[in-house]
Amino acid sequence: MEGIVSWGGYIPIYRLSGDVVQKVWGGRMKGERAVANYDEDSLTMGVEAARVCLEGIDRNTVDALYFASTTAPYREKQSASIIAAALDLREDVIAMDVCNSIRSATTALCIALQCVKSGSIKRALVIGADCRLAPPNSDLELTFGDGAVAFLVGSDAAVTIDGSYHTSSEFIDIWRLENDVLPKRWEDRFINDEGYVPHLKKAVSGVVKASNLSVNDLTKVCFYGPDERSHKNMIKALGLDAIKVQDPLFGKVGNTGTASALMMLVAALEGAKKGDRILLSNYGDGADAFVMTVTDKFKFRGNSLSEFMESKILIETYGKYIKFKRLMEFETTTESPLRTSLSQIWRERRWVFRCHAHKCQKCGRTQFPMQKFCMNCQADEKFLDEVNISDRKGILLTYSADERAPVMDPPNVLAAVNLEGNARIFSQVTDRDLSKLKVGMPMELTFRRIHDGLGVHNYFWKCRPDRRSKEAK
Amino acid sequence: MTESIKDKVAIIGVGCSQFGERWESGIDDLIKEAVVEACGDAGLGVNDVQAMWVGTALGSQPAGIPTAIVVSQALQTQGIPVTRVENACASGQESVRGAAYAVASGAYDIVMAIGVDKMKDMGFGGLPGGAPGKFEPVYGAFGSGPGRYAMAATAYFSKYGIAFDEGKRILAEISVKSHYYGAMNPKAHLRRAVTVEDVMNAPMIAWPLGLFDCCGVTDGAAAVIMVPASQAKNYKKDYVTIKGIGLSAGNGWGKENIDYDFTYWDATRWAARQAYDQAGITDPRKDLDFLELHDCFSIAELIATESMFMCEPGGFKKEFTDTRAYYHDGAMPINCSGGLKSFGHPIGASGCRETYEICRQIQGKVERARQIKDARIGLSHNQGGHPGRFVCGVIIYGAP
C-alpha cells in the first residue's frame with residue numbers, strides 16, 4: 001500500500017523566549033519559539049529534516065524530491081536541486097519546488113502519493129520548511145517558528161494514506177507581495193470565522209466521510225493552527241477529544257508555516273503504534289485532510305523531533321535575534337567585500353554540495369576535499385574512490401574561537417574533526433554553545449549557508465556538536 | 001653534483017626601516033629607508049647593485065597586483081633586473097634566497113634582497129588577507145591567521161595534558177620575553193614591556209590566544225646586500241656569510257590529514273634539516289648560538305622551537321620556560337630582537353628583518369642589554385601560511 005515510508009523533523013538549535021522579547025517591546029510574552037541560526041534557511045533546514053528521514057534508507061531509491069516552502073532562498077533558482085545534491089540523491093531525480101502557500105507541503109504530499117500510485121515513480125521525498133519573518137513587536141514574533149519536516153512516500157508504506165480531501169479557495173488572510181519582507185494580515189476575526197474554521201472543518205469532515213469513519217475512530221489528529229488560541233478553538237469546532245489532538249508545539253517551536261501541520265504528524269509518528277489511525281489536516285488557500293493507518297510495517301524510527309526540541313540554546317539578547325534575521329542595517333567594514341566563484345563551485349560540486357571525499361585504495365585514508373593525489377601516500381587520483389562522508393560522526397580534535405572574524409555570530413569557531421572511517425574534516429563550527437565545546441566531544445556535519453558573497457547563496461558543510469548524541473543530553 | 005652554499009655568499013650591508021604604524025610613509029618611503037641604510041652599511045650606492053629581489057606579499061595593494069616595479073620606482077633603478085618573489089609571510093627570506101643563489105651562480109657580484117609590506121593603508125585592523133571566498137568560494141572562507149594558529153595551541157595543550165591556565169602561562173612567558181626585548185629595540189613597533197598577568201588577562205583575539213599572544217600589524221622594510229664571499233673583504237671587515245639555506249613548501253593538507261595533530265610544523269622540520277645539512281650542523285642545540293624564529297603568535301615560537309629540534313616535542317616548558325634558556329644570556333637565545341611579536345610583522349619584510357638582526361648580533365652592534373655574548377652563528381626562520389599549510393624558509397648565518 002502507498003503512503004509514508006519514513007519521516008524526519010528538524011528544529012534549529014536557537015530559541016527566542018518571551019522574556020527576551022518582553023524586555024524590548026514590553027507586554028506579557030510567554031513561551032519560546034525556534035529560530036534558525038544565521039547560517040540556516042529553509043533550504044538547509046529542509047536538508048536537515050530529509051537527512052533524518054533518510055536515515056537507514058538507500059538514497060538511490062529516491063525518484064523525486066518536492067520541496068515546499070513560502071521562504072525559499074531564491075526567487076529564481078530552484079531550491080530542490082540544491083537539496084537533492086546535498087542529500088546526494090541520483091542525478092536523474094525529479095526535483096520540484098512547491099511554493100507560495102503554507103499548504104504547499106501537503107499539496108506536495110498529495111502529488112507524491114499520486115505519482116507513486118500511478119507507478120511512474122517508486123519513492124518521492126516531500127520536504128516542508130519555513131522560516132517566515134515575523135513583524136517585530138507583533139504577536140507573530142513568538143507565534144512564528146522555524147523548522148522543517150520530510151517524508152518519504154512510497155509503495156512499501158509504514159503508514160498508509162487511506163484517503164484524502166482537498167479544497168482550493170481564493171480566500172485571502174495572510175500574504176506577502178513580491179518584494180515584501182514581512183507578511184500582512186486581514187483582521188483575525190475574519191480570518192477565523194470565514195477562513196480557517198470553515199475551510200479546515202470542511203476538509204476534515206470531507207475526508208472522514210469519504211473514508212466511512214467518524215472522529216471517534218481516530219487515534220490522533222494533527223491539524224494546522226495559525227496560533228495557539230485559534231488551534232484550541234478548532235478542537236471544539238471539530239468536536240474532538242483534546243487528548244487525541246497532537247500538540248501543535250506553540251510555546252516551544254512555534255508555527256513553522258509550511259512545515260507546521262506535518263511537524264505534528266512527525267511527532268505523532270514518533271509516538272505511534274501499529275493500528276493507529278491518524279488524521280492530518282492543513283490549511284492555507286483552501287485545506288487538505290488525510291486519513292492514515294499505521295501498518296505492520298511500522299518501525300520506531302527514533303525521537304528526532306523531541307531530541308531536537310531538547311537540544312537548544314536560548315538567544316540571550318534581542319540584538320542577536322535582530323542580527324540573525326537581518327532586521328537591521330549594520331556598519332559595513334572597509335575589508336574587501338565577500339567573493340565567490342560559481343565556475344569554481346561548479347568544478348568542485350562533488351564535494352561542495354555532495355560532501356564526497358576520496359578514499360585511497362593504497363593507504364586507506366579518506367580525505368576531504370577530494371584530491372588530485374592522495375594527501376597521505378601521494379597515490380594518483382585513479383586510486384582514489386569517491387565516498388560520501390556527510391553522515392559520518394566525528395570527534396573534535398582541536399578548535400579555536402576567533403573573536404575578530406567578519407562573521408555574523410562571532411566568534412568564528414574553527415575545528416578539525418576526526419570522522420569515522422579514517423577521515424578528517426576542517427570546518428567552521430556552528431550551533432555551538434561556547435562554554436560546552438571540548439576536545440574529544442562528538443561532532444556531526446551539517447549543510448549551511450556559508451555566506452552571500454556576490455549576492456549568491458553559497459552553501460557548504462560545517463560541523464557542529466552532535467545534537468542527538470548521549471553526550472549532548 | 002650538488003654542493004652546499006656554505007660560505008659562498010657574504011652579507012656586506014643590512015638595513016631596516018623603523019617598524020610601526022607608519023601613517024606618514026608609503027611603501028616607497030619604507031623601501032628607501034631600509035635600502036639607504038643597507039647601502040650606507042656596505043659603503044655602496046644603489047646604482048652599484050646589479051640585481052634585486054623583493055619579497056612582498058601585498059606590494060602596493062590595494063592599488064593592484066604587486067610587482068617588482070614597487071622597488072624600481074621607489075629607488076629609480078636604471079634598468080637592472082628586479083624580481084618580485086612571494087611566499088606569503090615567508091616572502092622576505094625568499095628574496096634573500098633568490099639573491100644569494102644569484103651570487104653563488106656567479107651571475108652577479110652585488111645583489112640586494114628587500115623585504116617590504118605596507119599594511120596600514122587598508123582601513124581596518126588585522127591582517128589584510130583575501131576577501132572571504134576570494135580564493136576558495138566556500139571552503140575555509142572564514143579562516144584567519146589567529147584562528148588557525150590558535151587551533152595549534154588548543155591541540156598542544158590537549159596532547160600534552162596541559163591545563164588551560166598553565167598553557168596560557170607558558171605562552172604568556174614567551175610574549176613577556178618578546179616585549180622585554182622589543183621595549184629596548186628602538187626600531188621595534190611595540191615598545192612596551194608587559195607582565196605575565198597583562199598577557200593572561202588581555203582580551204581574547206582567537207581563543208585560546210589573547211591580544212598579547214598575537215603580533216601587531218606593522219609597516220616596515222628591510223634590505224640585505226650580498227656579494228661573493230671571496231670578494232667580501234673588499235667591502236667590509238665584519239661581513240657575515242650564509243651557512244645554509246633550507247626551504248620547504250608543505251603539501252598543504254595538514255588540517256585535512258587524519259595523521260596531523262597540529263602540534264608540530266612539518267615544513268619547519270624539513271627546511272631546518274636542509275639548512276643544517278648544508279651548514280654541517282649535527283647538533284643544533286650545540287652548533288647554533290641563537291635563533292630568530294617566526295613568532296607571529298606566541299604558540300608559533302613554541303612550536304617552531306620544538307620543530308627546529310631544539311628540544312623533544314612537548315619539552316618546551318622544561319627546556320625553555322623553566323630555564324629561561326631563550327633569554328639573551330640563556331643557553332639558546334630566541335627572538336632577542338622582540339621577534340615578529342614585538343618588533344612587528346610587515347608580511348614580506350620579516351625574513352629580511354631577521355637577517356638584519358642576526359648580522360648585527362654577530363657584529364656586536366645591537367643594544368648592550370640584548371646583545372648575545374659570543375654570537376657567531378644564528379638561524380633565521382620565516383614561514384608563511386598556517387598550521388597544516390606552511391611554506392617555510394630557514395637560513396643560517398655566521399661569522400666567516
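# Working through a two-chain predicted model

Among contacts in chain B between residues at least 6 apart in sequence, 78% link residues at least 24 apart. Keep in mind throughout that this is a predicted model.

## Exercise 1: Size up chain B

Task: describe the overall build of chain B, from its secondary structure to its radius of gyration and its share of buried residues.

Solution. 
- Step 1. Start with the inventory: chain B has 12 helices and 11 strands.
- Step 2. Now try the globule rule. For 400 residues the rule gives 21 Å, and the radius of gyration of chain B is 19 Å, close to that value, so chain B is as compact as a globular protein of that length.
- Step 3. Along the principal axes, the C-alpha atoms of chain B fill roughly 55 × 45 × 45 Å.
- Step 4. Check burial. Of the 400 residues in chain B, 63% are buried, where buried calls for 20 or more other C-beta atoms within 10 Å of the residue's own.

## Exercise 2: Walk across the sheet of chain B

Task: trace the nine-strand sheet of chain B and work out which strands stand at the edges, and why one side of each is left without a neighbour.

Solution. 
- Step 1. Write down the order. The open sheet runs β3-β2-β4-β7-β1-β8-β11-β10-β9 in chain B, with mixed pairing.
- Step 2. Look at the two ends. β3 (82-85) and β9 (290-292) of chain B each have a single partner strand, so one side of each has no neighbour in the sheet.
- Step 3. Zoom in on the β9 end. β9(B) pairs with β10 (residues 377-386) of chain B in the parallel sense, over three bridges. Here Leu291(B) sits opposite Leu379(B) of β10(B).
- Step 4. Bring in the helix. α12 (residues 350-362) of chain B packs on the sheet, and its contacts include β1 (9-16), β9 and β10 of chain B. The direction of α12(B) makes about 170 degrees with that of β10(B).

## Exercise 3: Inspect one helix

Task: is helix α9 (residues 298-307) of chain B mostly covered or mostly open?

Solution. 
- Step 1. Count the buried residues: 10 of the 10 in α9(B) qualify, so to speak, and the helix is mostly covered.
- Step 2. See who they are. Among them are Ile299(B), Leu302(B) and Ile303(B), along with Glu301(B) and Glu306(B).
- Step 3. Step just past the end of α9(B), where Phe309(B) takes a positive phi of about 70 degrees.

## Exercise 4: Where the chains meet

Task: which elements of chain B give two or more residues to the side that touches chain A, and what residue classes make up that side?

Solution. 
- Step 1. Tally both partners: 36 residues of chain B and 45 residues of chain A take part in the contact.
- Step 2. Pick out the elements. α4 (145-159) and β5 (204-207) of chain B give two or more residues each, and α4(B) gives the most, with eight residues.
- Step 3. Sort by class. The chain B side has 20 nonpolar, 11 polar and five charged residues.
- Step 4. Check for strand pairing between the chains. β18 (residues 394-402) of chain A pairs with β5(B) in the antiparallel sense over two bridges. In this pairing, Asp402(A) faces Ala206(B) of β5(B).

## Exercise 5: Two sets of pairings in chain A

Solution. 
- Step 1. The sheet of three has the order β3-β2-β14 in chain A, with mixed pairing. Its edge strands are β3 (32-35) and β14 (313-314) of chain A.
- Step 2. β2 (residues 14-17) of chain A and β14(A) pair in the parallel sense over two bridges, with Arg15(A) opposite Leu314(A).
- Step 3. Turn to β8 (residues 159-168) of chain A, which pairs with β1 (residues 3-10) of chain A in the antiparallel sense over two bridges. Ile4(A) has Val159(A) as its bridge partner.
- Step 4. β8(A) also pairs with β13(A), in the antiparallel sense over nine bridges. There, Ser168(A) is partnered by Gly286(A).

Definitions and conventions:
Residues are numbered from 1 along each chain as its sequence is written. Chains are lettered from A and ligands numbered from 1 in the order in which they are written. This is a predicted model: local features need pLDDT of at least 70, side-chain atom pairs count only at pLDDT 80 or more; totals for chains, interfaces and linings use all residues. Two strands pair if DSSP finds at least two bridges between them. Helices (H or I, at least four residues) and strands (E, at least two) are DSSP runs, numbered from the N terminus. Two residues are in contact if their C-beta atoms, placed from the backbone, lie within 7 Å. Axes are lines fitted to C-alpha atoms, for helices over the stretch in contact, and angles run from 0 to 180 degrees between N-to-C directions. The radius of gyration is taken over C-alpha atoms; the globule rule is 2.2 Å times the number of residues to the power 0.38. A residue is buried if 20 or more other C-beta atoms lie within 10 Å of its own, exposed if 12 or fewer, and partly exposed in between; C-beta atoms are placed from the backbone. Ala, Val, Leu, Ile, Met, Phe, Trp, Tyr, Cys and Pro count as nonpolar, Asp, Glu, Lys and Arg as charged, and the others, Gly among them, as polar.
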